[in-house]
Every structure is written in C-alpha cells, then in structure tokens.
Amino acid sequence: MTRHAFLAAALALLFLPAAAHGATLEQMAGQMIVVGFQGDDVDDAAVAGLRDDLAAGRLGGVMLLKLNVKSLDAVAEMNAAFRAASPDLPPFLTLDQEGGAVERLTRDVGFKEIPNAATIAAENSPEEAEAIYAEMAASIAEYGFTVNFGPVADISINPDNQIIAKYGRAFSADPDVVARYDAAFIAAHHQAGLLTALKHFPGHGSSTADSHEGFVDITQTWQPAELDPYRALIAEGLVDMVMVGHLYHADYSDAGARTPASLSPQWIDGVLRGELGYDGVVISDDLEMGAIRDHFTLEETVTQAVRAGMDVLLFSNTAKYRASLGQEILDILLAQAEADPAFAARIEESYNRIVALKGRIR
C-alpha cells in the first residue's frame with residue numbers, strides 16, 4: 001500500500017460514524033452480504049424488505065441486474081431509498097457496467113452505451129479512455145449507485161475464451177496495457193465518487209470454459225503474468241476491491257478437493273494478500289454461478305469463502321430466488337461465529353475493511 005493510500009485508509013477509519021464502532025456481531029456479519037432481488041420499483045415488497053434489512057444492519061448491499069431496471073427514474077428512486085435506509089454506513093449499491101455486452105443500464109432505458117474494453121483500448125489512449133469512462137461513471141453515480149463491478153483485469157491470452165475474449169471484455173493481451181487502462185477506468189470512477197472492483201482474480205483470460213455454466217479448470221492454461229495488472233494497481237494504491245472468480249487451479253486447491261479460487265485460502269490469503277500485499281476488501285464473483293452451486297451447499301459456500309479470506313459474499317439470487325436469502329446467509333455466519341471464535345474474528349476483520357472502504361463513498 002502506498003503512503004497516500006495508507007493515510008486515506010487511516011482517515012476513513014478515524015472519521016467512521018459512531019454507530020460503526022459499536023456494531024454487534026450480527027451487524028458486522030450483515031455488512032458482508034450483498035444480494036440481488038426481484039423488483040423494479042421503489043414500492044415493491046422486495047425493495048421494502050431490503051430497506052428494512054439495510055436499516056437494521058442485516059445486509060451490506062444490493063446487486064441490480066437488468067431485471068431490476070424498468071427505467072432510469074425507477075432505478076434512481078430505489079437506490080435513493082436504499083441509501084436513506086442506512087445513511088451512516090452507505091450500502092454497496094452495485095451493478096456490472098463494463099461497456100459492450102456487459103451492461104445493466106442500456107440504451108433501451110435511455111442510458112448512453114459505450115464500446116467494450118477491447119474496442120476502447122484499440123481506438124483510444126488511456127487518457128481518452130478515462131474521459132469516456134468518466135462520462136459513464138458520472139451517469140452511474142447520478143442514478144445512485146456506489147459500486148461498479150469493473151474494470152476487467154483479465155489478460156486476453158486465449159482468443160477462443162468463451163467469456164472474456166468472445167465479448168472483448170479484456171483491454172489487451174499485454175498485462176502492462178491492461179493495467180494502464182484499468183487505472184484509467186478506476187480514476188474515472190473515483191472522480192464520480194464510485195468504488196470499483198478488479199476482476200476476475202486470479203485471471204479468467206486464459207480459461208477454456210465459462211464459470212457461469214460450471215467448473216472452470218485453469219491448471220493447464222493459467223500464466224503468472226495474469227497477476228501483473230493486480231500487482232501493478234495494488235502497488236499504486238488504486239484498488240478498492242478485488243473480485244475473485246470461481247477458477248480452479250490444482251496447485252492452489254485444498255488437499256483432496258477441487259477448491260475454486262473464491263473458496264481458496266491459497267489464492268486469497270496466500271497469493272492476493274501474501275504475495276501481492278493486498279490488504280483491502282475482497283469480494284466474490286456471484287456465488288450462485290454453476291461453478292459453485294453445482295458443487296457446494298449454501299452453508300459450505302458461505303463458511304469456506306469466509307475462512308478463505310473473503311470479505312463480501314455476492315449472491316445474485318437468481319438460481320432459486322427467495323426474499324429470505326440474505327437472512328439465510330446471515331444465520332449461517334452467526335451460527336459459525338458462535339461455534340468458532342476464529343470465524344467470529346474473521347467476520348470482524350472483514351467488517352473493519354468494509355467500513356473503511358465505505359467511508360470513501362460519496
């Protein structure tokens with residue numbers, strides 16, 4: 001962490017709201033949970049339920065998908081209600097708005113779309129790219145969001161990649177170029193008061209499968225250079241969150257198990273925190289993707305992720321929708337914490353990182 005980043009984190013902790021210092025274990029655990037929902041209007045029952053959970057500290061944030069976007073005005077009203085529910089500790093109000101194929105706000109509802117990362121990098125300098133992303137980020141902030149899940153830090157190693165290269169989601173096959181455009185994306189969002197999330201650690205660009213659909217084994221394809229954008233941006237103190245993908249590598253898995261990176265202490269505590277020196281918030285990719293739900297129960301997913309070093313558990317709540325999902329996750333966290341002091345300590349660690357990061361939301 002740079003001296004500037006360290007000072008910023010220290011100041012954020014110093015000026016935390018009083019309520020944050022006296023949080024209960026339930027409120028600490030609640031901050032680790034971000035869920036999706038079914039509803040597209042501020043008056044929907046699901047939205048009211050989320051507002052109650054945010055206000056009580058049982059939930060740390062909300063994920064909006066295209067199904068939640070009937071109009072930009074409706075999105076703004078929902079986000080304003082979510083923020084009003086927890087004014088002292090603003091919620092993570094999240095979306096995926098990369099540009100290109102991965103967008104939740106589209107021209108269909110009047111949002112100005114931009115090209116994918118590969119096109120942006122091919123046609124613009126990093127400075128020009130920052131201006132493009134600044135306009136997008138300002139619009140995202142205008143509608144009340146606090147987090148955009150980007151930029152993509154993957155390297156376009158495999159031209160036949162089904163989830164990255166196919167959609168032009170990576171800026172380049174050169175890790176240095178990726179890092180420069182990632183930095184432009186992040187700077188643009190910071191100007192708008194938004195947080196970002198580097199994805200998909202430890203690298204999805206060399207993979208030959210899609211973790212949305214099932215297990216992705218990168219043992220034979222992953223290259224150490226895929227860590228280079230993370231290493232560079234962490235060293236510059238630019239990283240708000242790192243999103244960990246559901247990517248399996250035999251050398252970084254629990255003995256006798258096929259542990260994906262999102263549940264792997266070898267990747268999170270070992271490589272990301274140990275080797276790369278990252279001490280900020282770690283967020284999972286959607287824990288309802290096929291790579292997880294086909295192999296792990298909800299309890300296994302939650303407990304293994306937290307023990308591995310995960311701070312924020314992201315659930316799109318689309319596989320088998322239920323309004324109670326957030327509470328189910330919270331109940332698992334609290335039961336484990338009651339049974340295991342080390343697990344309770346992990347929750348408190350995550351809470352402190354999350355609250356420090358939320359202090360930077362505008």
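A residue is called buried under 20% relative accessible area, exposed over 50% and partly exposed in between, with a 1.4 Å probe and protein chains only. This is a predicted model: local features need pLDDT of at least 70, side-chain atom pairs count only at pLDDT 80 or more, and totals for chains, interfaces and linings use all residues. Residues are numbered from 1 along each chain as its sequence is written, and side-chain values use heavy atoms, leaving out hydrogens and water.

Select Phe37 and Phe82. Both Phe37 and Phe82 are buried. Rings of Phe, Tyr and Trp (its six-membered ring) pair if their centres lie within 6.5 Å; planes under 30 degrees apart are stacked, over 60 edge-to-face, and the rest tilted. By this rule there are 9 aromatic pairs. Phe37 and Phe82 are edge-to-face because their planes stand at 80°, with ring centres 5.9 Å apart. Phe37 sits in the loop between β1 (33–36) and α4 (45–56), and Phe82 in helix α5 (residues 72–85), 45 residues apart. Helices (H or I, at least four residues) and strands (E, at least two) are DSSP runs numbered from the N terminus.

Next, select Phe171 and Tyr181. This pair is stacked, at 5.5 Å centre to centre and 25° between the planes. Phe171 is buried at 6% relative accessibility, and Tyr181 is buried with a relative accessible area of 6%.

Then select Phe201, Trp222, Tyr230, Tyr252 and Trp267, which form one aromatic cluster.

Finish with Arg258, which lies over the face of Tyr248, 4.5 Å from the ring centre. The criterion is NZ of Lys or CZ of Arg within 6 Å of the ring centre and within 35 degrees of the ring normal.
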